[in-house]
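Q: I have a model open and want a quick tour. Can we go through it piece by piece?

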Amino acid sequence: MSDISSQLHGGYAHPLSRSWQGQSRRITKSMFMYPLFISDDPDAEAPLKGMPNQRRWGVNKLPGFLEPLIKKGLSSVILFGVPERKPKDEIGTLADDPEGPVISAVKTLREKFPDLYVACDVCLCEYTSHGHCGILHADGLINNGPSVKRLADVALAYAKAGAHCVAPSDMMDGRVGAIKRALIDSGLVGKTSLMSYSAKFASSLYGPFRDAVASAPAFGDRRCYQLPQNARGLARRAIVRDVGEGADIIMVKPGSIYLDILAEARQLAPDHPLAVYHVSGEYAALHAAAAAGVYDLKAQVVELSEAFVRAGATIILSYFSPELMDWLDE
Ligand code: PBG
Ligand code: ZN
């Protein structure tokens with residue numbers, strides 16, 4: 001009954017997650033999930049250097065910003081917390097602070113926009129003093145066991161606050177199974193989707209994001225948990241593993257330069273919705289190239305989105321989501 005692999009309801013509890021079960025070969029507005037940076041300053045609307053048109057939003061400013069986008073067809077968002085006021089610590093206590101930015105924003109958005117699908121990124125790097133995605137041993141290496149336990153607690157707190165989807169981006173081993181188990185044990189498994197960043201590569205394309213959320217590691221890098229760039233085999237194993245651990249949605253990240261992996265993920269998980277994260281560095285580079293006259297921004301973003309869908313994606317996490325609500329017909 002409470003077997004991890006027997007839990008399907010959470011993956012189609014919402015009308016939008018039901019629509020993602022099909023495999024459309026057309027790009028549609030409902031495929032786009034918009035990543036939002038949420039500050040703990042409730043009145044923030046701070047522009048981000050390095051990411052044109054994106055801001056760190058305070059909870060008070062979010063509804064006014066999102067309302068016109070939702071009217072145009074935006075159907076889902078994914079939230080990233082940015083604590084700017086309270087001090088960070090070794091275990092990322094602020095990640096599930098009941099008054100913290102993510103939990104406050106989930107509650108506000110669920111109340112103001114009942115039809116909006118709200119996902120929460122689950123990671124510790126925005127909240128730890130050392131900027132790594134898990135809890136560390138004294139020597140600075142990741143301590144996987146306690147990290148997984150902590151991430152499952154954080155995911156559960158977001159699910160309890162009303163998130164439709166929890167999305168671990170930390171890349172610890174076994175966190176998908178631990179989160180699924182926590183959802184089962186709390187009775188939330190039937191209404192909360194679990195989207196796993198399964199094939200997330202150690203990439204030079206995350207720079208603008210790390211500036212935006214102040215999550216760059218204080219020492220070392222993320223190469224011992226994010227995948228090596230050449231690692232097709234590890235990517236395949238991680239995808240298969242996460243399917244086995246109960247992921248409802250599989251993700252590949254970054255997007256454009258990992259289309260081969262996206263197509264592999266489609267083969268390895270043919271029966272799951274498949275997400276691709278078109279990341280901050282790709283976003284910034286497109287803006288810079290368009291400004292330099294290399295191409296028309298809209299034409300290139302639409303062409304790229306077509307490529308994601310052609311490779312097998314059914315969900316695209318994109319900072320271009322607001323523009324796409326104007327650029328696409330439905
Ligand atoms: C943190 C996280 C990162 C991104 C999403 N979640 C950065 C990282 O792993 O360093 C990147 C998103 C982007 O670049 O747009 N775990
Ligand atoms: Zn992280």
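Q: Which residues does the UniProt annotation "active site" cover?
A: This is a predicted model, so keep that in mind throughout. The UniProt annotation, from an unreviewed entry, covers Lys200 and Lys253. They are spread over 54 residues of sequence but cluster in space, with a largest C-alpha distance of 4.8 Å. The lining of the largest cavity includes Lys200 and Lys253.

Q: Where does Lys200 lie?
A: Lys200 is in strand E7, residues 193-200.

Q: Is Lys200 buried or exposed?
A: Buried. Its relative accessible area is 6%, and the cut-off for buried is under 20%.

Q: What does Lys200 touch?
A: Setting aside residues up to four places away in sequence, Lys200 touches Ser169, Met171, Tyr206, Gln226, Leu227 and Lys253. With Ser169 there is also a polar approach: the backbone oxygen of Ser169 lies 3.0 Å from a polar atom of the Lys200 side chain.

Q: OK, now Lys253. Which strand is Lys253 in?
A: Strand E8, residues 249-253. Lys253 counts as buried because its relative accessibility is 8%, and buried means under 20%.

Q: And which residues is Lys253 in contact with?
A: Beyond its neighbours within four places in sequence, Lys253 is in contact with Tyr197, Ala199, Lys200, Phe201, Tyr206, Tyr277 and Val279.

Q: What kind of peptide bond joins Lys253 and Pro254?
A: A cis one, with omega about -5°. Most peptide bonds are trans. Pro254 itself lies in the loop between E8 and H8.

Q: Which residues of helix H8 are buried?
A: H8 runs over residues 259-268, and its buried residues are Ile261, Leu262, Glu264, Ala265 and Arg266.

Q: What do the buried residues of H8 pack against?
A: They pack against E7, helix H7 (232-244), E8, strand E9 (274-278) and helix H10 (297-311).

Q: Switching to metal. What are the protein donors of the zinc ion (ligand 2)?
A: Cys123 (SG), Cys125 (SG) and Cys133 (SG), lying 2.2 to 2.3 Å from the zinc ion. In sequence, these donor residues are spaced C-x1-C-x7-C.

Q: What is the geometry of the zinc ion (ligand 2) site?
A: Tetrahedral, with angles of 96 to 119° among its four donor atoms. Ideal angles for four tetrahedral donors are 109.5 degrees.

Q: Are Cys123 and Cys125 buried or exposed?
A: Cys123 is buried, with a relative accessible area of 2%. Cys125 is buried too, with a relative accessible area of 6%.

Q: What about binding? Where does UniProt place the feature "binding site"?
A: At Arg210 and Arg222, again from an unreviewed entry. The lining of the largest cavity includes Arg210 and Arg222.

Q: Start with Arg210. Where is Arg210 found?
A: In helix H6. Arg210 is buried, with a relative accessible area of 19%. Leaving out neighbours within four places in sequence, Arg210 is in contact with Ser215, Ala216, Pro217, Arg222 and Gln226.

Q: And where is Arg222 found?
A: In the loop between H6 and H7. Arg222 is buried, at 5% relative accessible area.

Q: I flagged the backbone at Ala214. What is phi of Ala214?
A: Near 50°, a positive value in a residue other than glycine. Most residues other than glycine have a negative phi. Ala214 is in the loop between helix H6 (207-213) and H7. Ala214 is partly exposed, with a relative accessible area of 49%.

Q: And what is phi of Asn53?
A: Near 70°, also positive in a residue other than glycine. Asn53 is in the loop between strand E2 (45-47) and strand E3 (55-57). At 54% relative accessibility, Asn53 counts as exposed.

Q: Last one. Where is Cys120?
A: In strand E5, residues 117-122. Cys120 is buried, with a relative accessible area of 0%. The C-alpha atoms of Cys120 and Ala167 are 6.0 Å apart, although the two residues are 47 residues apart along the chain.

Note on methods. Residues numbered from 1 in each chain as written. Chains lettered and ligands numbered in written order. Predicted model: local features only at pLDDT ≥ 70, side-chain atom pairs only at ≥ 80, totals over all residues. Heavy atoms only, no water. UniProt positions renumbered as here; feature names shortened; annotations may be inferred. 1 Å grid on protein atoms, 1.4 Å probe; cavity = no way out; pocket = protein on both sides within 12 Å on 5 of 7 lines; lining within 4 Å. Helix = DSSP H or I, 4+ residues; strand = E, 2+ residues; numbered from the N terminus. Buried < 20%, exposed > 50% of the residue type's maximum accessible area, 1.4 Å probe, protein only. Contact = heavy atoms within 4.5 Å. Polar contact = N/O pair within 3.5 Å; in protein donor to acceptor, adjacent residues only side chain to side chain. Donors = N, O, S within 2.8 Å, 3.2 Å for Na, K, Ca; no water. Tetrahedral: all angles 85-135°; square planar, octahedral: opposite > 155°, others 65-115°.
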